[in-house]
Amino acid sequence: MGEKINVKDIVKRKKEELKQKVDSLKKKGIQPKLAVILASEDEASKIYVGKKRKMCEELGIEQEEYILDKNVNTEDVVNIVKKLNMDKSVNGILVQLPLFKHLDMDEVLDSISDKKDVDGFHPLTLGKLFIGEKETFVSCTPKGIMTILDDIGVDCEGKHAVIVGRSRIVGKPISQLLLKRGATVTVCHSKTKDISLFTKQADILVAAVGRPHIITKDMVKKDAIVIDVGINRVDGKILGDVDTENVLDVCDRITPVPGGVGLTTVLSLLENVVQATIEQNK
Ligand code: NAP
């Protein structure tokens with residue numbers, strides 16, 4: 001019988017470590033600050049922004065929010081980003097995705113200075129991640145997954161890591177991070193003929209699809225480490241991409257949903273803000 005990973009506990013410990021870093025910056029007269037731009041009416045995005053605000057408060061990181069209405073155009077958002085790029089008091093800029101449909105996401109993300117790209121979605125940041133450069137921001141959900149794997153002592157070297165999903169924000173960057181750690185990586189997606197053929201071989205299985213319980217017990221290798229990234233709202237409940245309760249019969253460890261990867265995603269963002277603050281004050 002497998003075990004649910006206590007992500008809450010991991011995040012609690014990591015938050016204490018991060019708070020110490022923030023306190024020592026403040027002692028030197030340096031105040032870390034995150035700017036958040038919300039240009040959408042997406043309810044989940046509003047909840048995420050609220051969670052980020054709460055953790056900023058807990059850690060003593062300053063936060064300013066730009067809540068924009070439907071009348072904004074791409075140029076307006078880019079102009080706000082450019083102003084924030086120049087503002088020395090702002091260390092990190094986060095543009096909450098998805099944006100209003102009429103806005104050009106690539107144009108907005110490309111306008112963020114790579115020095116303040118704490119969400120890690122700028123092409124330059126992603127490029128650095130893909131070539132394995134150390135001095136870059138790692139996008140928050142993949143970074144959080146690595147925090148979990150490291151904390152529970154998973155040695156990725158020589159393991160077969162199978163990722164279901166190939167998005168810019170999860171699937172692609174986590175595939176590179178695992179590859180860098182010496183895993184053999186397979187990435188499945190909607191065009192993969194039979195994902196179970198691959199998932200059954202996974203020592204480390206990452207599900208980032210957005211389909212409730214798409215990963216069932218028969219698709220999981222015995223003693224696998226399972227990372228469930230999915231957040232699916234079904235009949236007022238939040239379900240992951242993995243049928244957790246049944247998969248527990250076969251896996252070694254699994255992240256719960258809710259209370260799993262989502263928690264480390266927010267933590268990673270603030271770790272990146274502190275990293276940006278330190279680098280900008282060198
Ligand atoms: P996304 O951009 O929609 O990407 C989903 C990926 O899944 C795509 O690569 C897609 O393949 C693939 N896919 C879709 N249906 C499939 C199927 N039947 N079989 C195999 N692959 C399939 O989603 P995302 O942004 O990566 O997010 C994925 C999930 O994670 C969502 O539930 C999201 O809410 C959640 N999420 C959670 C966090 C967190 O902090 N916990 C952070 C980000 C996202 P194609 O590329 O071929 O279309």
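Predicted model: local features only at pLDDT ≥ 70, side-chain atom pairs only at ≥ 80, totals over all residues.
Which residue in β6 is the bridge partner of A161? Residues are numbered from 1 along each chain as its sequence is written, and side-chain values use heavy atoms, with hydrogens and water left out.

**View 1. Pairing of β5 with β6.** The bridge partner of A161 in β6 is V185. Strand β5 (residues 160-164) pairs with β6 in the parallel sense over five bridges; two strands pair if DSSP finds at least two bridges between them.

**View 2. The open sheet.** Six strands, in the order β1-β11-β8-β7-β5-β6, make up an open sheet with parallel pairing. β1 (3-4) and β6 (184-188) stand at the edges with a single partner strand each, so one side of each is left without a neighbour in the sheet.

**View 3. Secondary structure of the protein.** The protein contains ten helices and eleven strands; helices (H or I, at least four residues) and strands (E, at least two) are DSSP runs, numbered from the N terminus. Along its principal axes, the C-alpha trace spans about 50 × 45 × 40 Å.

View 4. Of the 282 residues, 52% count as buried, meaning under 20% relative accessible area with a 1.4 Å probe, protein chains only. Among contacts (heavy atoms within 4.5 Å) between residues at least 6 apart in sequence, 71% join residues at least 24 apart.

How values were computed. Buried < 20%, exposed > 50% of the residue type's maximum accessible area, 1.4 Å probe, protein only.
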